Amino acid sequence: MNEVFKCCEYEDDPEVWVTAVSCIVDVVSNFYPFIENFITQIKNTTLKLLGNDENENVWRQAIEVWNSIADEEYYRQTREGQVCFNII
């Protein structure tokens with residue numbers, strides 16, 4: 001995850017940002033039980049990228065991170081016994 005966050009700081013190429021944030025979306029969807037330790041970093045990274053008004057794909061992916069978290073939490077709340085951190 002730390003390497004993905006480093007890629008989100010690479011300001012020379014917004015496509016690197018889009019790809020890195022897409023990786024965060026995949027991590028949220030596939031490894032939700034492990035994101036609790038990274039949620040502050042996810043928040044800080046996505047807030048920074050939401051401020052990017054030069055590339056629409058960058059902030060769309062940042063929003064998609066939170067959509068994925070919300071979807072995963074909704075799914076887990078509707079299933080008994082699923083770990084849910086109630087982030088959203």
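A helix's expected span is 1.5 Å times one less than its number of residues. Keep that in mind for α2 in this predicted model: the helix has 18 residues, and from first C-alpha to last it reaches 25 Å, close to the expected 26 Å. At its N-terminal end sits a cap from D13, whose side-chain oxygen lies 3.0 Å from the backbone nitrogen of E15.

In soluble globular proteins, nonpolar side chains tend to be buried together.

That brings us to the largest nonpolar core, with its 20 residues. The members that touch the most others are C8, I24, I35, I42, L49, V65 and I69. Two or more residues each come from α1, α2, α3 and α4, with α2 giving the largest share, eight residues. Pick L49 and follow its contacts: leaving aside residues up to four places away in sequence, L49 touches C8, W17, V21, V58, W59 and A62.

Finally, the aromatics. There are two aromatic pairs, and one of them joins F5 and F38, with 6.4 Å between centres and 35 degrees between planes, a tilted arrangement. F5 lies in helix α1 and F38 in the loop between α2 and α3, so the pair ties together parts 33 residues apart in sequence.

Terms used. Residues are numbered from 1 along each chain as its sequence is written. This is a predicted model: local features need pLDDT of at least 70, side-chain atom pairs count only at pLDDT 80 or more; totals for chains, interfaces and linings use all residues. Side-chain values use heavy atoms; hydrogens and water are left out. Rings of Phe, Tyr and Trp (its six-membered ring) pair if their centres lie within 6.5 Å; planes under 30 degrees apart count as stacked, over 60 as edge-to-face and the rest as tilted. Helices (H or I, at least four residues) and strands (E, at least two) are DSSP runs, numbered from the N terminus. A polar contact is a pair of N or O atoms within 3.5 Å; within protein, one must be able to donate a hydrogen and the other to accept it, and residues adjacent in sequence count only if both atoms are side-chain atoms. A nonpolar core is a set of buried Ala, Val, Leu, Ile, Met, Phe, Trp, Tyr and Cys residues joined through side-chain atoms within 4.5 Å. Buried means under 20% relative accessible area, exposed over 50%, partly exposed in between (1.4 Å probe, protein chains only). Contact means heavy atoms within 4.5 Å.
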